[in-house]
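Dear colleague,

Please find the structure below, handed over for your review.

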Amino acid sequence: MNFLENWIRDTRVQTALRIGFAVLITVVLSQFRLDVLEFNSYDLRAQWTPKPQPSGHVVLVRVDAESVKTLGREPEARDWSALFHSLRASRPLAVVSFTNPMEIPGSHQEKEALAQSTQGLPFLFGANDLPQTGQAEMARLPAPFEAWSVQPAPKALDRSVLARDGSARRMILDYEDRLTLPAKLASAFNNKTSAPQYAGTFRLLDSVQAFIRFRAKGAFTSYSFHDVMIGAFSPEDLKNKIVLIGSDTQVSSADYVTTPLSKEMLALSSLELQANTIDTLILNQSPRMTPDWLRLLITLAICFMTMEIVLKVRPGRGLLMLGGFVISYAVLSLAVFAAFNWVLPFAHPLVVVFICYYFLIPYRLIIENRKSWEYYQKNQLLTQVEELKSNFMRMMSHDLKTPLARIQGMAELIQKEESALNETQKKAVASISQSSEELTEFIGSILSLSRIESKEVKLHLQSRDINELVRQVTRKYDFMSKRKHIEVVTELEPLFSVKLDEDLIRQVLSNLLENAIKYSTEGAKVLISTEEADGQIVIQVADQGRGIAVDELPHVFERFYRGRDSRSDGTGSGLGLYLAKYFVELHNGTLEAESELGKGSTFTIRLPMDLNLEHKPFERGGPHA
Ligand code: ADP
């Protein structure tokens, strides 16, 4: 169990697990076709990017409402004959009619005349059909139109594929290895004689297909049937053009299709759809889909990135980052479509973001719960330790201090009756007295420390003369210095009284002087000086003692730190300088040490003359080391 936990905690194992998970999700997701989402997002790209301009080679002749109105009826066979006669003069490259001649009203003679009227024209009839499987040619039209060249120009509507909304998005370029009408016409302008030579083609069953790049509605030059019929156009305008003729009367929805650009009832006439198809091929502008392997890679990368964000970034920020990413990716897809005609996959990357997010959020919650449980337990332990410590401190102050005071009192009492004691007893009592004094001091330091740590230290400011404090402290250590034959010299400049906490500063001075005497050899000198400089009171305690090594100097103000040479002697707690620095800093002052090994040390206190404690961070955990 432990082995498994350690194994899972290994960061390399975690990365491998994440990659494995990402691959799994991506592969499983790729098995689902998300065409509806993909092609709806494709439509948005087609709508929100600039539409390409037509090539100018395709021209429309529309049987429009205007023509019907002017004629007073649907165009009849003789009108169509007149139209074809009229077109002949302008020498178009091709004339393609999409209107079934069998449905054109007219007498038998008129229809025969119509069948003849296309002679001499590069005329084709575009059928919304494909040849029967296995048949090389399209079925001929019945008499009298059997001579007309029938070409396959089917509308490919997405009823059961892609977005399944019945819209026209695709074209068929090739069916059973024969080019359809649009591909044949386009090859007149470019040298592409087979369907796969065009950009963006793909195979679907027995056909080669591609996507249509739609121009804005009405972008093609168009003429009304009636105008062309009566010759009200300049023949030059149609010279070498592909002329497409068809219905646009807005009467039958069968003549119209919906497209990526519009889903309205009569969004685009089938005639204009054919124009878009041919023109896309002429300019070789079919949008290119991303190949499956690349889609898989992009999805995998996005999946992995989502996992990293969900697992490593704070939830709020992670959500923002993911939102930002999805928006940026959408903008990138638009830009890539507009600039390179390339359709980045959108559905799979988007879905993978959601899946990763919803899969991993509960996992993250579990991990965080476990962590906070661990923190809670640790905290519990720390609280217990803290409680034990303060109980211990309380015991120190009450249960130790009282008997100690009694011992000290008794020792002093005995010392007063010194005459009754022999030399050994006198020494023993003096030792009891000194040891209990040291112990009292130690307990005092420990109590100060505990007060600092529980942030209980408060300053009691009073106006005091620093020089007077120095004199008192020097006097206190008179006995100690004399015993070591150390001369304590004072150089005290007259100073104004300043506001300070007398007890704390006295403790600081005592500690510095005591250290100076303690760490000096017999007969050395200690100098205490005071002066005023730059608006500060500067107090220095300099000795000629053993000094402090360079590597130890930065540590002497640390809690419980004792120098290498001091650790062996029993006197001292390693708290003195820590407390001194803390107390000085409580006064907004500084305490610094300079020292040279073997030559001596100088401790410098700087206290502000004008103590302003308004911004004072009273409640500090300890001095700045
Ligand atoms: P203590 O004196 O109880 O060990 P302090 O916090 O007062 O603790 O001092 C920490 C250490 O700094 C001492 O153990 C000693 O090594 C060094 N030190 C302090 N003052 C002096 C000094 N005047 N000369 C040399 N070493 C000193």
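The side chains of Asp279 and Arg215 form a salt bridge, at 3.0 Å from N to O; a salt bridge here is a side-chain nitrogen of Lys or Arg within 4 Å of a carboxyl oxygen of Asp or Glu. Asp279 belongs to helix H10 (residues 270-282) and Arg215 to the loop between strand E9 (207-211) and strand E10 (221-224), so this pair ties together parts that are 64 residues apart in sequence. Helices (H or I, at least four residues) and strands (E, at least two) are DSSP runs, numbered from the N terminus. Both Asp279 and Arg215 are buried, where buried means under 20% relative accessible area, exposed over 50%, and partly exposed in between (1.4 Å probe, protein chains only).

Please note that this is a predicted model: local features need pLDDT of at least 70, side-chain atom pairs count only at pLDDT 80 or more, and totals for chains, interfaces and linings use all residues. Residues are numbered from 1 along each chain as its sequence is written, and side-chain values use heavy atoms, with hydrogens and water left out.

Under the salt-bridge rule, the count is 29. One of these joins Arg170 to Asp158, with the closest N and O atoms 2.7 Å apart. Arg170 sits in strand E6 (residues 168-175), while Asp158 sits in the loop between strand E5 (156-157) and E6, so the two tie together parts that are 12 residues apart in sequence. Arg170 is buried, at 8% relative accessible area, and Asp158 is likewise buried, at 0%. Salt bridges with shared partners link Asp43, Asp158, Asp165, Arg169, Arg170 and Lys263 into one network.

A further salt bridge pairs Arg178 with Glu176, at 3.2 Å from N to O. Here Arg178 is partly exposed, with a relative accessible area of 25%, and Glu176 is partly exposed as well, at 21%.

On the surface, Glu412, Glu437, Glu438 and Glu441 gather in a patch of negative charge. Patches consist of residues with over 30% relative accessible area and no salt bridge, like charges being joined within 9 Å; Asp and Glu count as negative, and the place of a Glu charge is taken as CD. Helix H14 (residues 423-453) supplies the largest share of the patch, 3 residues. Glu438 is located in helix H14 and is partly exposed, with a relative accessible area of 35%.

Yours sincerely

Notes. Patches are made of residues with over 30% relative accessible area and no salt bridge: like charges are joined within 9 Å, nonpolar side chains (Val, Leu, Ile, Met, Phe, Trp, Tyr) within 5 Å. Accessible areas come from the Shrake-Rupley method with a 1.4 Å probe; for residues, only the protein chains shown count as cover.
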